[in-house]
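Subject: Structure handover

Hello,

Here is the structure for your files. My notes on the charged side chains follow below it.

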Amino acid sequence: MKNNKISRRTFIQSSGLSVAAWATLGQGRPARGGEAARSSGNLWPGRVAAVSNPGAVTASAKLQPDQVREMVDRAVLELTGEKSLEEAWALLLPGLKPEDAVGIKANVINPKLPTHPEVVAAVVAGLKAIGVKENNIVIWDRVSNGTLGSFAKSGYTLNDSTAGVRCLGTDHEKVGWDSQVKARVPSVNLEFPVSRLASEMVKYTINLPVLKDHNTPGITYALKNYYGCIPLLDAPLLAKVKASRMHTGNGNPQIAELYNNSVFRDKTRLHLGDALLFSHVNGPGGPATGAAYAIHATTDPVAMDMVGLEIVDRKRREDGLEPVAAKSGYIQAAAGLGLGVADRAKMDLREVKLG
Amino acid sequence: MRRAFCLVAAALLLAGCEAWQHAATPPDLKALLPESGEIPGFERDGEASLGQGLEGLARIIDGAAEKYVKFSAERGIFQDYAIVHERGEIVSVAIYQARDAGKLFREGYEGRRRPEPGIGQEARARLELFGATALDFYQEPYYVELSINCGRPEAIEHLRQFAEAIARRIRTSS
């Protein structure tokens with residue numbers, strides 16, 4: 001893939017041009033009505049770019065950075081329908097100013113199967129190429145390095161300095177929970193402060209989950225990753241007791257309701273799913289049990305979870321196991337809230353095979 | 001007023017329970033862990049984590065805790081071991097004390113497996129992993145899970161060494 005470096009000025013200009021282009025061109029135009037129109041970050045309801053490349057993962061499960069970078073770049077182009085990466089990223093992150101920060105919400109809760117650093121690195125490279133300052137890119141999750149997740153054990157280097165790409169958890173002394181911005185979950189009558197890394201510290205969020213089976217909601221992928229944006233187990237005592245309600249009933253509809261808060265729904269501009277490796281049994285805490293060799297790019301987390309669910313259940317059927325779809329009612333609930341498309345027939349799955 | 005009293009009472013009760021969980025954690029679970037160097041070439045990587053009950057386990061293994069508690073796990077200890085001089089390979093050890101460790105072994109895992117004779121009351125290797133190797137066994141009242149982020153043939157031998165060491169310690173402790 002060619003290097004698409006451009007100056008910051010060009011990026012800001014192209015960003016403006018791209019936004020203007022949506023308004024006048026039919027191709028790639030963001031949805032403004034009907035299903036999933038409530039989510040302002042969901043520019044293309046139902047569209048998922050699925051780029052696969054078996055050469056991106058070795059037999060010993062090591063990722064090949066160059067191939068991963070190519071997959072991420074291709075997925076972003078395929079999703080946006082743009083010809084150049086700068087136009088594609090500018091379309092996804094409109095109006096970005098040089099001083100604006102972009103958050104990358106990774107998932108490192110299980111270091112045996114985290115969002116792979118190589119995938120995050122590919123996104124970072126894309127952002128840098130369009131002029132986002134390194135230090136304005138923040139890779140984050142709930143915990144920096146602890147029992148409940150670890151960047152270090154997942155292959156990342158923590159960085160809270162004023163140089164380079166930042167990488168830290170909400171538990172870091174410079175972060176914490178935002179008491180001004182609350183996420184509501186009406187079905188269980190709960191309200192949570194959100195990570196400042198999801199609210200005031202960034203202009204946009206890029207969601208980078210990893211595909212795992214989950215004993216409660218069947219799978220964890222795009223939508224469930226937002227549980228890492230609120231205090232659950234790390235909440236004060238009484239709040240923690242209440243927070244256990246977030247997992248009752250297979251998280252349906254709590255998972256959908258959590259995402260249906262503006263701080264997540266509107267600020268998230270891209271969901272980039274890491275399904276290079278995934279688990280279909282013993283998740284979410286176990287090692288990878290399969291390889292889909294795939295990267296998914298979408299603005300529709302509901303559609304991406306449907307794609308992830310299919311991968312997990314296909315493998316489970318191959319192994320003679322009960323599918324987990326029956327537990328995954330939260331996906332339909334999310335569609336019901338207008339957060340995306342769960343109807344497979346209405347989805348626009350754009351598959352690209354590399355390698 | 002009554003509501004405020006109830007809330008304070010509940011908070012004190014819960015705080016007491018939590019404090020009890022830490023204070024009452026018996027040392028024997030830690031004693032089941034191999035020491036650094038006990039398995040040649042492996043050193044403890046960081047501190048062990050202890051969790052009790054659903055909440056305590058969820059603090060360490062998040063959403064996975066529900067499954068273990070459902071199958072009778074009461075508490076667990078978690079410790080990683082790194083291969084000395086070889087970057088990146090980690091053995092993860094999880095030991096659960098359960099009311100019925102056999103049930104946890106039989107019903108807690110549904111993937112493909114191969115029996116591994118001679119360890120605990122029953123042991124098996126998990127076969128479907130990608131780039132990793134795992135082995136689990138039970139010896140009442142403990143259920144033990146071991147994994148290494150390596151899919152090479154010798155990986156299962158590393159896990160067997162850990163499993164045998166832990167099984168010996170369980171026998172000694174009882």
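Which residues are linked in a network of salt bridges? They are Arg114(B), Glu116(B), Arg160(B) and Glu164(B). A salt bridge here is a side-chain nitrogen of Lys or Arg within 4 Å of a carboxyl oxygen of Asp or Glu. Over all chains, the structure holds 25 of them.

Some ground rules. This is a predicted model, where local features need pLDDT of at least 70, side-chain atom pairs count only at pLDDT 80 or more, and totals for chains, interfaces and linings use all residues. Residues are numbered from 1 along each chain as its sequence is written, chains are lettered from A and ligands numbered from 1 in the order in which they are written, and side-chain values use heavy atoms, with hydrogens and water left out.

Arg124(B) and Asp136(B) form a salt bridge at 2.8 Å, N to O. This pair links distant parts of the chain, 12 residues apart: Arg124(B) lies in strand E5 (residues 122-126) and Asp136(B) in strand E6 (residues 133-139), both of chain B. Strands are DSSP runs of at least two residues, helices (H or I) of at least four, numbered from the N terminus. Arg124(B) is buried at 3% relative accessibility. Asp136(B) is buried too, at 0%. (Buried is under 20% relative accessible area, exposed over 50%, partly exposed in between; 1.4 Å probe, protein chains only.)

Glu107(B) bridges to Lys103(B) at 3.5 Å, N to O. They sit 4 residues apart in helix H5 (residues 101-107) of chain B, so about one helical turn separates them. Glu107(B) is partly exposed at 43%, and Lys103(B) is partly exposed at 27%.

Arg44(B) pairs with Glu35(B), with the closest N and O atoms 3.9 Å apart. Arg44(B) is partly exposed at 30%; Glu35(B) is partly exposed at 44%.

Best wishes
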